[in-house]
Amino acid sequence: MEETNREAVATAVQRVAGMLQRSDQLDKVEQYRRREARKKASVEARLKAAIQSQLDGVQTGLRQLHKALCDVKDIQNSLADVSKDWRQSINTIESLKDVKDAVVQHSQLASAVENLKNIFSVPEIVRETHDLIEQGELLQAHRKLMDLECSRDDLMYEQYRMDSKNVHDMNLIRSYFGQVQGLSEELSKQLWMVLQRAMVTVRRDPTMLVSVVRIIEREEKIDRKMLDRKKQTGFIPPGRPKCWKNRMNEVLESTVSARIESTQSETRESDKMWLVRLLEITRKYVLDDLTVVKNLMVQCFPPHYNTFQVFLDLYLKSVSARVQELAAEDLEANEIVSLLTWVLNTYKSVEMMAHPDLQPECDVKQLEPLLPEHVVDDLLGKYLKTFTSNITGWLRKALETDKKDWQKETEPEADQDGYYQTTLPAIVFQMFEQNLQVAAQINETFKEQVLRVCLKQMNSFLVRYREEAISYKEEHLKDRQHPQCYVQYMIAIINNCQTFKESINSLKRKYSQSAEATQNDATIDKLLNEVAREGCQFLLDEVFLDLEHHLNDLLTRKWLTGSHAVDTICVTVEDYFNDFAKIKKPNNQEMTSEAHRRVVVEYLKAIMQKRISFKNADERKDGADRMIKEADQFKFLFRKLSAVRFIALRSFLKSGEDTDRLCDSIAAIAEVFKLTDPALLYLEVSTLVSKYPDIREEHIVALLAVRGDASREMRQMIIETLNQNKPSSSTVSQPIFRDITVPSNTMTAMTSMAVPKLLK
């Protein structure tokens, strides 16, 4: 307390010091004093009011506690009086046992009197009820049935209360009302019959369906009442509980199940489209029936029945069971696709469960799938296995058909651009397209799987295609007169490769979400390139088989004296290339380049084979002039052929450059032969080697041998000098001499030379 007083004094001193900091404030001391006095009085008044309020609350609480104590004492006294009275009344209750028995007997007699009319008229009521049931007056029949059952149940209950062990009297009552149970069963049969035909009844006579539902509701109410009485007394009338509502649900379920099972009217043996028809009928039944339920039947049932959802669950359960049965059968590939398309797509589409007529009651997002995921996976796996087997057979059959066409004596068909082709690519990719369209109806993942299977089978097919093309060529070589249109069909085989490429790329763009190239794609592309390249090679082999005799005349004495071998070669090549114009790009361009190269190489081989050795300068001049002229003929021919095939100016100019370079190699060798001064021979040979770095030592030796005037020392000097100054051939873009070999007999003739190592 002292500490508090000191703090209060210190605070007051500080406050007074704050008020009296200036001299002019001393005049206001009295004013400050009165203000502080008022504040003090106000605080003291509030403090007194708070304390008084607390005291009033405590006083009120004490009064209530005192009153509660008095009430507890009164209750204790009352309980004591009740206990005393109860002990005194025990003897009185025992003396009233006779009265109690009289009351029970009176109750039984009253019940008997109440049901006396029904008891005597039971046979008549039974007949009336039976007639009403047959007439279809189900509500009235049920009313009379309830009266009979009520009379029987009341009598049996009173007998049970009086003497539950008296089986004889209970059986007597049950026997007297024995026909009542039969009426109940007869009525129930009529109810179930109406429910089985509910879809028809609700359209023709909805009141009948309403009556059935009302009867079932009455029976459910009576069942609940009897079960409650059983809990209290242990008595339950015979035939209770009837559980007609549960039985109604069973009837509806069996009716829906039978409705779905009745959709199959055809079998695979009688109709290949049996499954498609079955699924379409099922779709129509489900949609029509649920529409009837939503628009009509819901009005015939109480709201708490949740009628639409009940029927929806029943139909989906039956449909699911049916499609699972179908999935377990030995389905063919097209049937698997039809089933999966219906289950995965049609089921939740606007054609069925998402139909506007079923909205908004039917939420497709909440629907369970008709088939478990593992069953769907099994069906997809089975389809892929069957599809793989089928596509292998289809491709083999298509190839066999195409092979038969290769033997025809008529040319193959041409496309709109005039290029030869067969029907094989169209047949193959029509098969692929049809199956991919079907797979796309199921889902994107399955579509990708089918595409991969198609490409994988295409890979194997191209291997067989290549083998058959080789076999076709080999059979032709045994008798070049057959097949008559060998060249045209080989052109068609080459063009098919390009068509295959375009079709594969089209399929991938249309049916694949992935733009990345796979290993399978690279393999297919490689195989197609190989088939096309080998086909072009086979055609060129055919050309050069016809040219073989004329090529053998080159650089011979006959040639020097005026042979027309090159004229014939040019005419033959041009004639063949009139057919080769039917080859698609880029194969026709590559073939022209390869033909040009092979002609030049064959010409150079003729030079290297030393078929002639010039005897004097005049022969060398005549031979060189003829070589230059023939090089110009080749140049003109292949420029002409290239001009037909190269559309772009840049490509044409480039082809002209390549043509010039190849043919210039013949002219360059002619310049070596044409040189009159042997002393300058080294310079000319050096020029030749600088233009064509891939030329080798044996080529130089053969050229000098054909020239015929190079001495042994000159040959040795030229070879040694060129060995020292040989340019690198690693950067040659189009080697010419690399594949030209010098026959061993030519080299044997030069063995007397002291030749150093080969030119590098």
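Predicted model: local features only at pLDDT ≥ 70, side-chain atom pairs only at ≥ 80, totals over all residues.
Because E542 belongs to helix α19 (residues 519-552) and R480 to the loop between α17 and α18, the pair ties together parts that are 62 residues apart in sequence. E542 is buried, with a relative accessible area of 6%, whereas R480 is partly exposed at 30%.

A salt bridge also joins the side chains of E468 and K403, at 3.0 Å from N to O. This pair links distant parts of the chain, with E468 in helix α17 and K403 in helix α15 (residues 373-406), 65 residues apart. K403 is partly exposed, its relative accessible area being 23%.

D288 pairs with K284 in a salt bridge, with 3.0 Å between the closest N and O atoms. Both residues lie in helix α12 (residues 274-295), four residues apart, or about one turn of the helix. D288 is partly exposed at 30% relative accessible area, and K284 is partly exposed at 45%.

## Packing of α16 and α17

Helix α16 (residues 424-440) packs against helix α17 (residues 444-478) at an angle of about 160 degrees, and their axes are 9 Å apart. The two helices are therefore roughly antiparallel to each other. Residues of α16 including L424, F429 and F432 meet residues of α17, among them V450, F461 and Y465. The residues of this contact comprise 14 nonpolar, one polar and one charged.

## Surroundings of N496

N496 lies in helix α18 (residues 486-511) and is buried, with a relative accessible area of 0%. Its contacts include L424 and Y465.

Note on methods:
Residues numbered from 1 in each chain as written. Heavy atoms only, no water. Buried < 20%, exposed > 50% of the residue type's maximum accessible area, 1.4 Å probe, protein only. Contact = heavy atoms within 4.5 Å. Axes fitted to C-alpha atoms, helices over the stretch in contact; angles between N-to-C directions. Parallel < 35°, antiparallel > 145°, perpendicular 65-115°, else oblique. Nonpolar A, V, L, I, M, F, W, Y, C, P; charged D, E, K, R; others polar. Salt bridge = Lys/Arg side-chain N within 4 Å of Asp/Glu carboxyl O. Lists of a residue's contacts leave out its neighbours within four places in sequence.
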